[in-house]
Amino acid sequence: LPEDMDWLYERPKGVAGPMSVILAVDISGSMAGKAIQQAKAAAREFMSKIDLRISEISIVGFESRIHIMCDLSQSEHTISRAIDKLDAKGGTNSPLKHCFNLLRSTKNKPVIVLLTDGEWFDQDEALITAQSCKNAGMDIIAVGFGSADKRFLARIATVTMMTDINSLVESFSTIATELSTSGSAAGLSLR
């Protein structure tokens, strides 16, 4: 046996393979101003840390309606233009049904990253759809700030991160780094 057995106590490292990631950004009226600008910066940071040679990203805005800013794409230009189109308006409905439908046929690791600052309408439907997503092997990472309902987010997500408006970019960087290195949301710490 080798003398150095410290590796036994380390968390196993996954291998990051191809991912299909939906960044679902709350664009309800409460996100106007600094919040939507920070959300855009966080989305750009996330995109910069994901290997678009093997993975793809979709940008979805959600309020009382779902806005597909871009379908799954490996084009940094396309994704960046979609991020630029995010604009705050309306109430907040769940984007999970759309995310489930888009990701259920992917051969890549399916991941949903949600950003919200408030409560959602029709939480019961969101809970049912979230369970379908999880049953299909999708990771759901919920990032909440402001008046986001932490208990609700914990119920729909695989991993929940609570942050503040000034830490959105750092939070998204942490998520993208973990996904890129381990291939899973499992290593993210709860906050």
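Of the 191 residues in the protein chain, 50% are buried. The model is a predicted one, and what follows describes the coordinates of that prediction.

The protein chain contains six helices and six strands, and, read from the N terminus, these elements follow one another in the order β-α-β-β-α-α-β-α-β-α-β-α. The radius of gyration of the protein chain is 16 Å, close to the 16 Å that the globule rule gives for 191 residues, so the chain is as compact as a globular protein of that length. The C-alpha trace spans about 65 × 35 × 35 Å along its principal axes, and, among the contacts in the protein chain with a separation of 6 or more, 72% are between residues 24 or more positions apart.

One such place to look at is the pairing of helix α1, residues 34-49, with helix α6, residues 168-182. How are two packed helices described in general? By the angle between their axes and the distance between the axes. For α1 and α6, the axes come within 8 Å and cross at roughly 25°; because angles under 35 degrees count as roughly parallel, α1 and α6 are roughly parallel to each other. Their crossing is right-handed. On the α1 side, the residues that meet α6 are Ala35, Gln38, Ala39, Ala41, Ala42, Ala43, Glu45, Phe46 and Lys49, while α6 contributes Leu168, Val169, Phe172, Ser173, Ile175, Ala176, Thr177, Leu179 and Ser180. Sorted by class, this contact of α1 with α6 has twelve nonpolar, four polar and two charged residues.

A second pairing joins helix α3, residues 96-103, and helix α4, residues 123-135, whose axes come within 9 Å and cross at roughly 20°. That angle makes α3 roughly parallel to α4. Is the crossing of α3 and α4 left-handed or right-handed? In this pair, α3 passes α4 in a left-handed crossing, whereas the crossing of α1 and α6 is right-handed. From α3, the residues Leu96, Lys97 and Phe100 take part, and they meet Glu125, Ala126, Thr129, Ala130, Ser132 and Cys133 in α4. By class, the contact of α3 with α4 has five nonpolar, two polar and two charged residues.

Notes: Residues are numbered from 1 along each chain as its sequence is written. This is a predicted model: local features need pLDDT of at least 70, side-chain atom pairs count only at pLDDT 80 or more; totals for chains, interfaces and linings use all residues. Side-chain values use heavy atoms; hydrogens and water are left out. Axes are lines fitted to C-alpha atoms, for helices over the stretch in contact, and angles run from 0 to 180 degrees between N-to-C directions. Helices (H or I, at least four residues) and strands (E, at least two) are DSSP runs, numbered from the N terminus. Angles under 35 degrees count as roughly parallel, over 145 as roughly antiparallel, 65 to 115 as roughly perpendicular and the rest as oblique. A crossing is left-handed if the near helix is turned anticlockwise from the far one by less than a right angle, and right-handed if clockwise. Contact means heavy atoms within 4.5 Å. Ala, Val, Leu, Ile, Met, Phe, Trp, Tyr, Cys and Pro count as nonpolar, Asp, Glu, Lys and Arg as charged, and the others, Gly among them, as polar. The radius of gyration is taken over C-alpha atoms; the globule rule is 2.2 Å times the number of residues to the power 0.38. Buried means under 20% relative accessible area, exposed over 50%, partly exposed in between (1.4 Å probe, protein chains only).
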